[in-house]
Amino acid sequence: MSARNSRPLLAAVPSLFLFVAALLPLALLLAGPGASPQISQRRAHLGFDRNDYPGDAVLPILRQSFSFTGYWLGPPPGAQTNSWLGKRKLLRSLGFGFLVLYSGPQSSELHQKWSEEHVFSGHKSLLSSAMKRGATDARQAAAAAKKDGFPSRTVIFMDIEEGGRLPAVYHAYLRAWVDQLARAGYRAGVYCSGMPVDEGGGVTIITADDIRNSIGKRDLAYWVFNDACPPSPGCAVPQNPLPPSASGLPYATVWQFAQSPRRKQLTARCASTYFADGNCYAPGDNAHSWILDINSADSADPSHGK
């Protein structure tokens, strides 16, 4: 025993006993009958995405309602240019998290292209061509992410606009995309349908499930779209948004629950939540200048791109 702890032990007992006795009633009162520890629930976060960069001036308005934003690494579907590149630093300075996106090919386009390749060069198979294209696109996406300052392990979501079951060549493409991104130091994700499609004979398929069944043990994040009401709440910006699992897919980390313009056949039950022109806008956008798609996520930075 050291010199500073050489006081006889029994001398300290009365004081210790009095201290414990004084605290005991308070502890019992706080505990109460049947008291149990409080378990905090994870909060969902709201974000927006759109093909065109909305402009520097509007970002503070959008930040009032949204924690994160979509961010294209290449031209969005149907576009020749990309207006988002170079804006990461400004968005990050305002506190935005990111959903980093890269536009992928459509099945019809790939089937036609790869079928022609297969016909005219007898030694190439459709699957090997798909894998080559997937690896090439992943290298381009990783290079764009690195150039714009996104750190390693940022999730880059492949944009897949179509729904239903994907053909084998697309699954080969995606596997190569995931593997090549991992080699480049980034994580892969997919933006895809989370909505059931009737294949006939009582069989339905969800694109996200189809991908998950094919991708094997590869690490893949899922951003699903399902704007049907329900489960979607429609074009709403609630303080306590529904989590991605409310989309019906428990493994989804992001849920796009509203699209602009609204799809009337799917949103009749929540039509009143959309504006008169059928679009979604930020609450602070009084002039209705910036059309948005709206998402919820488990994280304020779903791509971990800060």
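These questions and answers go through some terms used for this structure.

Author: This is a predicted model, where local features need pLDDT of at least 70, side-chain atom pairs count only at pLDDT 80 or more, and totals for chains, interfaces and linings use all residues. Residues are numbered from 1 along each chain as its sequence is written, and side-chain values use heavy atoms, with hydrogens and water left out.

Reader: Why is His45 called buried?

Author: Buried means under 20% relative accessible area, exposed means over 50%, and partly exposed lies in between (1.4 Å probe, protein chains only). His45 has 16% relative accessibility, so His45 counts as buried.

Reader: What does His45 touch?

Author: Contact means heavy atoms within 4.5 Å. Leaving out residues up to four places away in sequence, His45 touches several residues, including Phe68, Pro241 and Asp298.

Reader: What makes the pair His45 and Arg43 a polar contact?

Author: A polar contact is a pair of N or O atoms within 3.5 Å; within protein, one must be able to donate a hydrogen and the other to accept it, and residues adjacent in sequence count only if both atoms are side-chain atoms. The side chains of His45 and Arg43 are joined at 3.2 Å.

Reader: Why is the pair Arg218 and Asp179 called a salt bridge?

Author: The term needs a side-chain nitrogen of Lys or Arg within 4 Å of a carboxyl oxygen of Asp or Glu. For Arg218 and Asp179, the N to O value is 2.9 Å. Arg218 lies in the loop between helix 7 and strand 8 and Asp179 in helix 6, so the pair ties together parts that are 39 residues apart in sequence. The structure holds eight salt bridges.

Reader: How do you know how helix 5 and helix 6 cross?

Author: Axes are lines fitted to C-alpha atoms, for helices over the stretch in contact, and angles run from 0 to 180 degrees between N-to-C directions. Helices (H or I, at least four residues) and strands (E, at least two) are DSSP runs, numbered from the N terminus. The axes of helix 5 and helix 6 come within 7 Å and cross at roughly 40 degrees. Residues making the contact include Ala130 of helix 5 and Trp177 of helix 6.
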